[in-house]
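Please keep the sequence and the model in view while going through the numbered points.

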Amino acid sequence: MNKTDLLDSVTMAKFVSNGYLRFDEIIPKDLCEESKEAIALGEMDAYDKVGAPFYSLWEHSAMGKIFRLTTVRAIIESLLGPNPQYDHHYIHNKKAHTNDTDSLHQDGTYDTRDFGFDLLICFFPDDVSEKMGGTLVVPGSHFRKVNSGAIGRYQNIVGQQQLVCKAGTILFMHSNLWHSGRSNHSDNDRLLFKLRLNPTVEQVRLWNTEDINDSEILTILGERMPWHSGEQRLENINRIRLWRYMIGDPTPDFTTDKLWGTKLDDMPKVIYQDSVRSLDMKDSVVSE
Amino acid sequence: MSESKYRQKILILYLGNASLNSEVVGWSLYDGTTDDEADIIDNEELPYKSVLAAMRDGWRVIGIPTINSPLIGREHKTDYLQFEFVLEKMELIDE
């Protein structure tokens, strides 16, 4: 993989801040059609072996071609490394004129990792109109580890984004991002191919880091989300902690007007032992 | 079957902090006055700016969240929405 094909640091910071990246019409239309035919023929019905090296799978299939496109593979490599492993895939086919009830959720149960994450890849082979009730995500929810559907009572959250897109669009989501489907009130079925991949390396500096000192990164990490409200500072700390982990350096000077991370690190350890401990990196990537 | 001619609507408002006058950051509606199948998209418009605004429109507050200290070691963690207020209206139904 050429370094210049990988994501840059500014884009990675957006992923850390929002919990997902969206790439519109990244897949050519002919491959979208080919993938739909494969799905219709049942070629993708069976699960593959959990934990298999992902690029050992689907070598001669339409879906394999899609995930081997340089643009797609570069995004995956930037987030998970060059050799991710297969977790599972699923074909969501929301029939025309069907309702969806409370379904906001986080995939899986409580994630016990401090910083590492899987990737949920949502590929839309068809156009998705507003009436089709495409995937809804809650930006900035990925640090909130919950138990799967326990958040089903949250019907609407300020800032939620419901996907409307053209065929060939892909969402690359942090595995803990809150998401749901919505009712399909259109005359067409809504098709989504979801794939979950795991990292096999520590997720540190896997992207093109030439712009690692771009001042826009600090702005992105400090962006306010209205629904965070009184917990905005905590979310900023979470972003800074993940960013420090991903760049492999616990000491960047976040000398913005916010200073949340810097202030906490400046606390005398004897007095604020618990606070400091909670900010320590526990995935053992960064040496003292 | 209940002989009451009143049915309950539950509105849950999630606020930015513990004040009933702070901004709504999330909401849900459960309507017991109808047998129609609920659809979330009928409820996508922000209903009120605050709990206080809903009270002034006739909603009764029946649940107020407690303010809890975080567990030691989890002071900077976030998870569920903290400030969940439950409101109700009782409405007379047609027979």
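1. In chain A, 40% of the 288 residues are buried. A residue counts as buried if 20 or more other C-beta atoms lie within 10 Å of its own, as exposed if 12 or fewer do, and as partly exposed in between, with C-beta atoms placed from the backbone. The model is a predicted one, in which local features need pLDDT of at least 70 and side-chain atom pairs count only at pLDDT 80 or more, while totals for chains, interfaces and linings use all residues. Residues are numbered from 1 along each chain as its sequence is written, and chains are lettered from A and ligands numbered from 1 in the order in which they are written.

2. Chain A contains eight helices and nine strands. Of the contacts in chain A between residues at least 6 apart in sequence, 88% join residues at least 24 apart. Two residues are in contact if their C-beta atoms, placed from the backbone, lie within 7 Å.

3. Helix α1 of chain A, residues 9-18, is mostly covered, since seven of its ten residues are buried. The buried residues of α1(A) are S9(A), M12(A), A13(A), F15(A), V16(A), S17(A) and N18(A). Their cover includes β1 (20-23), α4 (70-80), α5 (216-221) and α6 of chain A. After α1(A) comes G19(A), with a positive phi near 90 degrees.

4. How do α1(A) and α6(A) pack, and at what angle? Helix α1 (residues 9-18) and helix α6 (residues 232-247), both of chain A, meet at about 140 degrees, and their axes lie 9 Å apart. The pair is therefore oblique. Angles under 35 degrees count as roughly parallel, over 145 as roughly antiparallel, 65 to 115 as roughly perpendicular, and the rest as oblique. The axes are lines fitted to C-alpha atoms, for helices over the stretch in contact, and the angles run from 0 to 180 degrees between N-to-C directions.

5. The crossing of α1(A) and α6(A) is right-handed. A crossing is right-handed if the near helix is turned clockwise from the far one by less than a right angle, and left-handed if anticlockwise. From α1(A), the residues A13(A), V16(A) and S17(A) meet R239(A), L242(A), W243(A) and M246(A) of α6(A). By class, this contact has five nonpolar, one polar and one charged residues. Ala, Val, Leu, Ile, Met, Phe, Trp, Tyr, Cys and Pro count as nonpolar, Asp, Glu, Lys and Arg as charged, and the others, Gly among them, as polar.

6. Two residues of chain A deserve a check of their backbone angles. E25(A), which is not a glycine, has a positive phi of about 50 degrees, and it sits in the loop between β1 and α2 (29-40) of chain A. E25(A) counts as partly exposed because it has 15 C-beta neighbours inside 10 Å. W58(A), also a residue other than glycine, has a positive phi near 60 degrees and lies in the loop between α2 and α3 (62-68) of chain A. W58(A) has 21 C-beta neighbours inside 10 Å and so counts as buried.

7. P139(A) belongs to the loop between β4 (136-137) and β5 (156-157) of chain A. Is P139(A) buried or partly exposed? P139(A) is partly exposed, because 19 other C-beta atoms lie within 10 Å. Leaving aside residues up to four places away in sequence, P139(A) touches N18(A), G19(A), G159(A), Q161(A) and M225(A).

8. Chain B has one helix and four strands, in the order β-β-α-β-β from the N terminus. Its radius of gyration is 16 Å, whereas a compact globule of 95 residues would have one near 12 Å. This radius is taken over C-alpha atoms, and the globule rule is 2.2 Å times the number of residues to the power 0.38. Buried residues make up 20% of the 95 residues in chain B.

9. The contact between the chains takes 24 residues from chain B and 29 residues from chain A. On the side of chain B, strand β2 (residues 24-31) gives the largest share, five residues. By class, that side has ten nonpolar, eight polar and six charged residues.

Definitions and conventions: Helices (H or I, at least four residues) and strands (E, at least two) are DSSP runs, numbered from the N terminus.
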